[in-house]
Amino acid sequence: MTLRSRTALMVLGALMALGILHITGLLLPVENLIRMVLAPIGSGMTSAGTNLSQRFSRDLTAEQCRDHAADLETQLASVSVDYVRLKALEEENEVLSKTLGYLQKQGYDAVMGRVISRSGIPEQSVVMIDRGTKDGLENGMAVIMGDGIFVGKITSVQERTATVTLLSDEQSRVAVSKAGQRKLIGLVEGKGNWTAEATLIPQQETLEPNDVLVTSGTEGKIPPNLVVGLVNKVEGQPTDPFKKAAIELLAPMEYVEVLAVLRPQALRPN
Amino acid sequence: MRKSSWVLLGAAALAGGIYETTFLGSAPFPFYYIRPVLPLCVMLFMLNRRPAAYVTAFLAGGVIDLLSATASGWVIGRWLIVLLVVDVLSERVTTNRSLYAAMALVVMARVLDRVLWQLLSWVSFYIIRQPIPVDSWRSLVGILMVDMLITTLVFVSVTFLTKRFVISVNPRKERYE
């Protein structure tokens, strides 16, 4: 037998052995250990890549900046009115909640995770974080950024890592309501390229630009009232059974580095 | 190869794997085309370092499979199979050690890797109804261009630093050696 044939046999044998060990799960402890060791380096490299991306991101032209500023002023006016109304409601709610002892029963706590890697395929918006089943994470849990901006769901979970499918991914679907209403009005679907669209909205629902969409709370592990995005443009003929709307996502999905997973307190590891 | 060379090679392979799975996904778009591991493995064949090429593909591919945010498409297996084919091609087809031979091998390796990836995606779709995400064919052109640039850089550097690819003419015999 020649050296080349021996090498080929060894390589194919090693691949078969690896495949069998992987499928039977015998390699899992080793895989988890390697992931755990490499996670900090991966996180550092992802962070370096993100910083570089932000530095080289395309600057807007003066005209685009003016248009953007005009849009933001319109949004600000609309949000200011809501803010005053909500502030009054919040004060009222605070008094009521304290009275009921509601704050002690929030039901969720946040597990912070750093992004280790992102999908190398531009059409996909999927990231891996350095938290897993050891931290009480499960499939379907909500992932947020900052003050409750919903960015995606956990779609697969290992012992020390988890995969988060972001809102803009084409596989992403989340049930939404209009802010302040607990009524399910449709789904927000990812369209790739860091954009999303609200679909399956019944014609009788009123939806206008700058309306805030929030999670409806109809999915088991996703609490209600997490901000999903702002309505940009509503589309659809009056004769269509459903209408759809372009959504402006509020979190910069392409630059996320630290995320929080909402874990029901009952699943908190001891 | 000396022990220290193996250690360096292992570290470089791990760094290459980490680069291709973590940095590449978050870096600006031009970096998307820069995927140095496969061309470097092929160059190791050109330098007659066959075990080193297999070890590099094994380590880098393993890291990519483990740290990839999406289903990576069994990179470790694909790359090792590609290198087995490159091994045969470099011995039977592109037998000379020229820059063009290196480029041809790198292009063949990359295209074969892409074909295997596509096949795996189809097989995955038919078995578990979930296709493995695959790069677009259009992006392959950009990746191939960068591959050839990397190959040229490595080939020229090796020629400058060592005498491996230099064809010498013996003044006494007056013919190539």
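## Basis of the model

Residues are numbered from 1 along each chain as its sequence is written, and chains are lettered from A and ligands numbered from 1 in the order in which they are written. Because the model is predicted, local features need pLDDT of at least 70 and side-chain atom pairs count only at pLDDT 80 or more, while totals for chains, interfaces and linings use all residues.

Strand S6 (residues 173-178) of chain A runs antiparallel to strand S7 (residues 184-192) of chain A, and 5 bridges join them. Strands here are DSSP runs (E, at least two residues), numbered from the N terminus; two of them pair if DSSP finds at least two bridges between them.

Val174(A) stands opposite Val188(A) in S7(A). The hairpin of S6(A) and S7(A) has 5 residues between the strands, and in this hairpin Gly180(A) takes a positive phi near 90 degrees.

## Strands S7 and S8

S7(A) is also joined by 5 bridges to strand S8 (residues 195-202) of chain A, again in an antiparallel arrangement. These strands form a hairpin with 2 residues between them, and Asn193(A) in the turn has a positive phi of about 55 degrees.

Two facing pairs can be located here. Gly192(A) stands opposite Thr195(A) in S8(A), and Gly190(A) is opposite Ala196(A) in S8(A).

## Strands S8 and S11

S8(A) in turn pairs with strand S11 (residues 242-249) of chain A through 5 bridges, the two running antiparallel. Within this pairing, Pro202(A) stands opposite Phe242(A) in S11(A).

Notes. Helix = DSSP H or I, 4+ residues; strand = E, 2+ residues; numbered from the N terminus.
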